[in-house]
Amino acid sequence: MTKKRISESTIHRLSLYLRALSVLEKESHETVSSKELAKREKLTPAQVRKDLSFFGSFGTRGLGYPVSDLKKQIACILGIDRIWKVALFGVGNIGSALVSYKEFARQGFHIIKLFDNDQRKIGSNHKGIIISDIKDMEKELKEAQIEIAVIAVPATVAQYIVDDVVRAGIKAILNFAPINLKVPPDVYLRNENMSMELEYLSFALVNNHSQKRPKV
């Protein structure tokens, strides 16, 4: 029996549902309807029901979904009901900010290894983690049983780092370097390009402003 192929948009919406359910739980809601969940995320109830149906049967018709139970089940589907061991490469401005981002740990992503090639940083304690030399990454990644790598190095060296990370057996990579990286088909790569996101916002602002200009 083959597994259903789940689209990226469906996975993205599951993350939205999880966050909405977390808010509902804090607000002491015991149940939520597909209509209410859809309204919070600007979707349709049919879309919510379709997304959840890929993973089984949830809730009771007429009564809605138990908030806490659905939250736990979505967390399980997304794989964040466990601890993931993460290594971060590049302890510069972005890397340091990522280490400080507490939401990662709350979601189960624990950064336990830091790597850099700056001899002034290697061996120092950065927010409770000793910075290791990138040259020693393969051995240390395997010993620490790292499962996810975060790349926050300059674009000029990002591909070399990723090649070494892949050789060390890492199958999941989050890239912050502004470059298109090449990885084997069995390695999952996600790119977080902040410059492109800002360019999208500037485009939206410029075009929205121009559309509102009065005709001369």
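A residue is called buried when its relative accessible area is under 20%, exposed when that area is over 50%, and partly exposed in between, with a 1.4 Å probe and only protein chains counted. The model shown is predicted, so local features are given only where pLDDT is at least 70 and side-chain atom pairs only at pLDDT 80 or more, while totals for chains, interfaces and linings use all residues. Residues are numbered from 1 along each chain as its sequence is written, and side-chain values rest on heavy atoms, with hydrogens and water left out.

**View 1. The protein chain as a whole.** The protein chain has nine helices and nine strands, where helices (H or I, at least four residues) and strands (E, at least two) are DSSP runs numbered from the N terminus. Its C-alpha atoms fill a box of roughly 60 × 60 × 40 Å, taken along the principal axes, and of its 216 residues 33% count as buried. The accessible surface of the protein chain comes to about 14,400 Å², of which 55% belongs to carbon and sulfur atoms; such areas come from the Shrake-Rupley method with a 1.4 Å probe, and for residues only the protein chains shown count as cover. Among the contacts in the protein chain with a separation of 6 or more, 56% are between residues 24 or more positions apart, a contact being heavy atoms within 4.5 Å.

**View 2. S34 in helix 2.** S34 lies in helix 2, which covers residues 34–40, and it counts as buried because its relative accessibility is 12%. When residues up to four places away in sequence are not counted, S34 touches P45, V48, R49 and Y65.

**View 3. Helix 5 and its buried side.** Helix 5 (residues 93–100) has G95, S96, L98 and V99 as buried residues. These cover an arc of only 160 degrees around the axis, which puts them on the same side of helix 5; the arc is that of the directions from the helix axis to the C-beta atoms. The cover over the buried residues of helix 5 includes strand 3, helix 6 (102–106), strand 4 (109–116), strand 5 (125–126) and strand 7.

View 4. Helix 8 (residues 155–167) has 13 residues and reaches 19 Å from its first C-alpha to its last, close to the 18 Å expected at 1.5 Å a residue, where the expected span is 1.5 Å times one less than the number of residues. The buried residues of helix 8 are A158, I161, V162, V165 and V166. Seen down the axis of helix 8, these buried residues fall within an arc of 135 degrees, so they line one face of the helix. Their cover includes strand 3 (84–89), helix 7 (137–143), strand 7 (148–151) and strand 8 (172–175), whereas T156, Y160 and R167 are exposed on the other side of helix 8. Helix 8 is followed by G169, whose phi is positive, near 100 degrees.

View 5. D164 and R167 meet in one of them at 2.2 Å, N to O, and they are separated by about one helical turn because they are three residues apart in helix 8. D164 is partly exposed, with a relative accessible area of 26%, while R167 is exposed at 55%. A further salt bridge joins the side chains of D186 and K171 at 2.5 Å, N to O. This pair links distant parts of the chain, 15 residues apart, with D186 in the loop between strand 8 and strand 9 (188–191) and K171 in the loop between helix 8 and strand 8.

**View 6. D118 and R120.** D118 forms a salt bridge with R120, and the closest N and O atoms are 3.0 Å apart. D118 counts as buried at 17% relative accessibility, whereas R120 is exposed, with a relative accessible area of 74%.

**View 7. Two loop residues with positive phi.** Most residues other than glycine have a negative phi. K127, although not a glycine, has a positive phi of about 55 degrees, and it lies in the loop between strand 5 and strand 6 (129–133). Q145, also not a glycine, has a positive phi of about 55 degrees; Q145 is found in the loop between helix 7 and strand 7 and counts as exposed at 54% relative accessibility.

How values were computed: Salt bridge = Lys/Arg side-chain N within 4 Å of Asp/Glu carboxyl O.
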